Amino acid sequence: MLEYEKSLKCITSGRSLTIYLEGDIDHHNARTVRSKIDTKLYIQRPDELVLDLSRVNFMDSSGLGLILGRYTRSVELGILFKVANPSPQIRRILDLAGTERLIKIENIPRTEKRAQGGEPA
Amino acid sequence: MKAEVINEVRLTFPSVSANEAFARSAAASFCAQLNPTFDEVSDIKCAVSEAVTNAVVHGYRDALGEIQLLMKLTDDRVFRAEIRDKGCGIADVEEAMRPLFTTDPENERSGMGFTIIENFMDSLRVVSSTGKGTRVIMTKKLSMLPRVRG
């Protein structure tokens, strides 16, 4: 199945929404992922959005644009925005853009629940 | 002494966004011949992806054109990639290379493409001519192979 046909993996915990991005985040699929996240945000209106990157194999500046864009959208909607578990490679890209001045980046240890993954949205 | 070319490849593909993944995978496979580290492969994949995306998004502005990816390995363990398009070209290369500069903020382009290439590779050269196209040339020297324990 093609990457962009998959639905987002999400876990809602109280008023916090965690979205697990997967596979490659590049220019080719960023637009689809973006609209899926935004749709979910507008419907659910959580207090907090966590983008978990632990399942992302590859990300370039298009992924950076996606993350910064979701930060902006979250600020507009009054949602607290966090990024979790970037790989060292992704972390370098985030650091190059000075992302940490704007966005909280967390390394959350995998609990059993997380390791099992969320229900498809 | 001039480094000798070990292997060379020239790929031509249309500027459809699906080929961004193809190009970076091809680069990863090609440089694998020199036994690079995991991090080196990641860096090369990302840098090639950035340049090819630039050609798709900016060079051809999402119209269809031809992209060339030329890659070379030399015996001094240097990987070289050149990404060519015959698109609109860049009027001010220096400006385009500035971190966070983008002509397309509406589509959430971060303006970090060239900065990422500069940081992940050892050298980056951009040659562009308005209306004629752009050549992005990058090199990376791979670390020496670890000694075999004996």
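1. The largest nonpolar core has 58 residues, and Ala27(B), Ala47(B) and Ile117(B) touch the most other members. A nonpolar core here is a set of buried Ala, Val, Leu, Ile, Met, Phe, Trp, Tyr and Cys residues joined through C-beta atoms within 7 Å. Helix H2(B) provides the largest share of this core, 9 residues. Helices (H or I, at least four residues) and strands (E, at least two) are DSSP runs, numbered from the N terminus.

2. This is a predicted model, in which local features need pLDDT of at least 70, side-chain atom pairs count only at pLDDT 80 or more, and totals for chains, interfaces and linings use all residues. Residues are numbered from 1 along each chain as its sequence is written, while chains are lettered from A and ligands numbered from 1 in the order in which they are written.

3. Ile117(B) can be followed through its contacts (C-beta atoms, placed from the backbone, within 7 Å). Leaving aside neighbours within four places in sequence, Ile117(B) is in contact with Ala47(B), Glu50(B), Ala51(B), Leu124(B) and Met138(B).

4. The contact between the chains takes 18 residues from chain A and 20 residues from chain B. On the side of chain A that touches chain B, helix H1 (27-44), H2 and H3 each supply at least two residues. H2(A) gives the most, with 7 residues. The residues of this side of chain A divide into 7 nonpolar, 7 polar and 4 charged. In that count, Ala, Val, Leu, Ile, Met, Phe, Trp, Tyr, Cys and Pro are nonpolar, Asp, Glu, Lys and Arg are charged, and the others, Gly among them, are polar.

5. Helix H3 of chain A covers residues 88-96, and Gln89(A), Ile90(A), Ile93(A) and Leu94(A) are buried in it. The buried residues fall within an arc of 140° seen down the axis of H3(A), so they line one face of the helix. The arc is that of the directions from the helix axis to the C-beta atoms. Their cover includes strand E3 (48-59), helix H2 (61-77) and strand E5 (104-106) of chain A, together with helix H2 (38-59) and helix H4 (113-120) of chain B. Just after H3(A), Gly98(A) takes a positive phi of about 65°.

6. Arg45(A) lies in the loop between H1 and E3 of chain A, and Glu108(B) in the loop between helix H3 (93-96) and H4 of chain B.

7. Are Arg45(A) and Glu108(B) buried or exposed? Arg45(A) is exposed, with 12 other C-beta atoms within 10 Å, whereas Glu108(B) is buried, with 21. The cut-offs are 20 or more other C-beta atoms within 10 Å for buried, 12 or fewer for exposed, and partly exposed in between, with C-beta atoms placed from the backbone.

Methods
Contact = placed C-beta atoms within 7 Å.
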